[in-house]
Amino acid sequence: MTNNDILRRIRTIFDFNDKEMIAVFGLADYEVTCEQISGWLKNDGDPAYQPCSDNQLAIFLNGLINHKRGKKEGEQPEPEQKLTNNIIFMKLKIALNLKADDVLEIMSLVDTDISKHELNAFFRKAGNKHYRKCKDQILCDFLNGVQLKYRDIVKLKAEKE
């Protein structure tokens, strides 16, 4: 999965419009334009397509954490220069305030069965002997499960407003 794919999927899951996407970046103290957002959300073949860098996606995910959980006082965490699926998975887990059982439940929504031990291996430090690299399919399944679980909730909230 590319960073652009992940950004598009998160936008769809939470039904963010351009203004909300800009606000999420702003929560991580980063300014973006509507044109940048538009370029990142284009499909690969589109001439206006712009690749979203690891750093830009990390900033967005930090902003998503602030959006979902509230911005902490003081200095914001430094966004990573290089992202892995493990880091993206962890940031999404933090943003959604999920425990291991919640993640396993989300994964079961898309018929992906992993054990708690396998799941915990994704969230260990890279040097740990039990660390396991998160493959694209696991991250994709997680995003699909999140969409199944949260998309209806987002729609209901929008209808009430």
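The model is predicted.

- Leaving aside residues up to four places away in sequence, Phe60 touches Leu7, Ile10, Phe16, Met21, Val24 and Phe25.
- In soluble globular proteins, nonpolar side chains tend to be buried together.

**Packing of H1 and H4**

- The axes of H1 and H4 are 10 Å apart, and the two helices pack at an angle of about 20°.
- Because angles under 35 degrees count as roughly parallel, H1 is described as roughly parallel to H4.
- The crossing of H1 and H4 is left-handed.
- On the H1 side, the contact is made by Asn3, Ile6, Leu7, Ile10 and Phe14; on the H4 side, by Asp54, Leu57, Phe60, Leu61, Leu64 and Lys68.
- Sorted by class, this contact of H1 with H4 has eight nonpolar residues, one polar residue and two charged residues.

**Asn66 in H4**

- Asn66 lies in helix H4.
- Asn66 counts as buried because its relative accessibility is 8%, and the cut-off for buried is under 20%.
- Not counting residues up to four places away in sequence, Asn66 touches Leu27, Ala28, Lys71, Lys72 and Gln76.
- Between Asn66 and Ser38 there is a C-alpha to C-alpha distance of 22 Å, and the two are 28 residues apart in sequence.

**Loop residues with positive phi**

- Asp29 is not a glycine, yet has a positive phi of about 60°.
- Asp29 is placed in the loop between H2 and H3.
- With a relative accessibility of 55%, Asp29 counts as exposed, since the cut-off for exposed is over 50%.
- Asn97, also not a glycine, has a positive phi of about 55°.
- The loop between H5 and H6 holds Asn97.
- With a relative accessibility of 43%, Asn97 counts as partly exposed.

Conventions: Residues are numbered from 1 along each chain as its sequence is written. This is a predicted model: local features need pLDDT of at least 70, side-chain atom pairs count only at pLDDT 80 or more; totals for chains, interfaces and linings use all residues. Side-chain values use heavy atoms; hydrogens and water are left out. Contact means heavy atoms within 4.5 Å. Helices (H or I, at least four residues) and strands (E, at least two) are DSSP runs, numbered from the N terminus. Buried means under 20% relative accessible area, exposed over 50%, partly exposed in between (1.4 Å probe, protein chains only). Axes are lines fitted to C-alpha atoms, for helices over the stretch in contact, and angles run from 0 to 180 degrees between N-to-C directions. Angles under 35 degrees count as roughly parallel, over 145 as roughly antiparallel, 65 to 115 as roughly perpendicular and the rest as oblique. A crossing is left-handed if the near helix is turned anticlockwise from the far one by less than a right angle, and right-handed if clockwise. Ala, Val, Leu, Ile, Met, Phe, Trp, Tyr, Cys and Pro count as nonpolar, Asp, Glu, Lys and Arg as charged, and the others, Gly among them, as polar.
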